Amino acid sequence: MTVFVTTEKSPINAELCNLTHMSEFYLRGLSDDPELQPMLFGPFLSMYLITVLRNLLIILAVTSDPHLYTPMYFFLSILSLADIVFTSSTVPKMLVDIQTHGRAISYAGCLTQISIFVTFGFMDLFLLTVMAYDRFVTICHPLNYPLIRNPRQCVSLVLLSFLTSILDGQMHLWMALHPEEQEPQKCPEEVVQTNSCFAETTKLM
């Protein structure tokens, strides 16, 4: 998805593009053809609903069955919750844009999307790492597993994953909000085009 960045009127250096006073972003989207919008809306809405319902069912199954009150299923339910938030950070906005033919997103809205997207994206990775370690302990130290994997440690690992993910997300925001401390990016005009709002965060900001 292509992103156009527009800036408020301000003096611009001939060599460097001043993007310190951005007002909003304009998303090109997947297609400008009105006839294709329903064809795009249906599949994306279906995939989003399937993703959310699947993760909700996992959470419901884990919380309703006492036999599943184990560290692995506890981590799986937290992973499902993180996956719901991760998916919901971008897809609903895209669905609304397809239906309303809107293309604009505010500067604050884009920063919020980046923060949520990065935070819960990294939380997924950290939780998968914790789950892999849990399987390692189960296989290699089965007799000591109840002592090593107690409820307090499981909650601590989830909190550590969440806090680390937040720190990483805030680091990305700091990099985006302080472009003057990075290598300046040259651009020939006031409107900048990039391939992804998330892939080129520092250059975009």
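**Before you click.** You are looking at a predicted model, where local features need pLDDT of at least 70 and side-chain atom pairs count only at pLDDT 80 or more, while totals for chains, interfaces and linings use all residues. Residues are numbered from 1 along each chain as its sequence is written, and side-chain values use heavy atoms, with hydrogens and water left out.

**Whole chain.** Colour by secondary structure and you'll find seven helices and four strands; these are DSSP runs numbered from the N terminus (helices are H or I, at least four residues; strands are E, at least two). Followed along the sequence, the pattern reads β-β-α-α-α-β-α-α-α-β-α. The chain has 205 residues, and 34% of them count as buried, meaning under 20% relative accessible area with a 1.4 Å probe, protein chains only.

**Select 37–64.** This is helix α1, with 28 residues. From first C-alpha to last it reaches 40 Å, close to the 40 Å expected at 1.5 Å a residue (that is, 1.5 Å times one less than the number of residues). Now show the side chains of its buried residues: Gln 37, Phe 41, Tyr 48, Thr 51, Val 52, Asn 55, Ile 59 and Val 62. What do they pack against? Their partners are α2 and α3.

On the α1 side, the contact (heavy atoms within 4.5 Å) includes Phe 41, Phe 44 and Tyr 48, and on the α3 side Val 91, Met 94 and Ile 98 are among the residues involved. The contact residues divide into 10 nonpolar, two polar and no charged. Here nonpolar covers Ala, Val, Leu, Ile, Met, Phe, Trp, Tyr, Cys and Pro, charged covers Asp, Glu, Lys and Arg, and the others, Gly among them, are polar.

**Now 71–88 and 107–140.** These are α2 and α4, packed at about 165° with axes 9 Å apart. This pair is therefore roughly antiparallel too. Look for Phe 75, Leu 79 and Phe 86 of α2, and Phe 117, Phe 120 and Leu 127 of α4, all among the contact residues.

How values were computed
Axes fitted to C-alpha atoms, helices over the stretch in contact; angles between N-to-C directions. Parallel < 35°, antiparallel > 145°, perpendicular 65-115°, else oblique. Buried < 20%, exposed > 50% of the residue type's maximum accessible area, 1.4 Å probe, protein only.
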